[in-house]
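Here is a report on one protein model. Keep the sequence and the 3D view open while you read.

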Amino acid sequence: MSRPLLTLGSASPRRLELLAQIGIRPDHVLPADIDETPHPAEPPRDYVRRMAREKAAALQGRAEGVVLCADTVVAVGRKILGKPEDEREAAAFLRLMSGRRHKVMTAVALALPDRIAERLVETTVRFRPLTAQDIAGYVASGEWRGKAGGYAIQGRASAFVPWLQGSFTSVVGLPLAETAALLASAGIHGDHQ
């Protein structure tokens with residue numbers, strides 16, 4: 001029996017790389033174009049779940065087979081740290097996270113023909129205290145661009161993280177254990193392409 005076609009509803013090269021690590025290669029890549037503005041006072045957990053669900057719903061029916069979508073948010077308390085607009089905001093995010101813990105939440109949504117299956121993975125990440133030089137150097141690297149919370153844990157920012165509790169791959173942008181289980185439930189397994 002052939003597996004269903006898989007569309008990745010994301011333009012993130014990191015998500016493609018993560019899927020490849022577990023032997024999954026989407027048949028199509030089709031980013032969802034939705035309004036990603038948080039609702040007033042919307043808690044980060046609710047926001048990230050809504051984003052993944054809305055992305056999947058936007059592509060459900062437009063793509064053949066199943067559609068995998070995800071959204072990642074960084075939160076300090078109830079404050080959502082999205083993708084920084086500029087260097088000033090990237091530096092502000094890093095100063096806010098310096099020496100403290102924050103949550104990284106990734107919601108995964110799999111649009112099937114008749115429903116949307118979801119998983120939410122929360123990881124707690126602690127940054128060591130950052131010096132002004134640490135922040136300036138990281139911002140100058142440009143690695144913060146397009147990253148939730150303004151950092152990439154798989155890159156230079158790994159030097160800022162002495163401890164995390166949860167899923168490292170979720171912080172990168174796609175929790176692999178949970179994603180693999182969702183895909184397997186839809187008949188999609190690694191290295192069967």
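## A serine and its surroundings

A polar atom of the S10 side chain lies 3.0 Å from the backbone nitrogen of S12. A polar contact is a pair of N or O atoms within 3.5 Å; within protein, one must be able to donate a hydrogen and the other to accept it, and residues adjacent in sequence count only if both atoms are side-chain atoms.

This is a predicted model, where local features need pLDDT of at least 70, side-chain atom pairs count only at pLDDT 80 or more, and totals for chains, interfaces and linings use all residues. Residues are numbered from 1 along each chain as its sequence is written, and side-chain values use heavy atoms, with hydrogens and water left out.

S10 sits in the loop between β1 and α1. Helices (H or I, at least four residues) and strands (E, at least two) are DSSP runs, numbered from the N terminus. Is S10 buried or exposed? It counts as buried, because its relative accessibility is 7%. Buried means under 20% relative accessible area, exposed over 50%, and partly exposed in between (1.4 Å probe, protein chains only). Beyond its neighbours within four places in sequence, S10 is in contact (heavy atoms within 4.5 Å) with R15, V29, L30 and P31.

S2 is found in the segment before β1. S2 is exposed, with a relative accessible area of 66%.

| Residue | Place | Relative accessible area |

## Helix α6

Helix α6 covers residues 176-185, and its buried residues are L176, T179, L182 and L183. Seen down the axis of α6, these fall within an arc of 125 degrees, so they line one face of the helix. The arc is that of the directions from the helix axis to the C-beta atoms. A177 and S185 are exposed on the other side of α6.

What do the buried residues of α6 pack against? Their partners are β1 (6-8), α1 (13-21), β3 (66-76), β5 (101-111), β6 (116-126) and α5 (168-172).

Just after α6 comes G187, with a positive phi of about 85 degrees. S2 and G187 are 185 residues apart in sequence, yet their C-alpha atoms are 8.8 Å apart in space.
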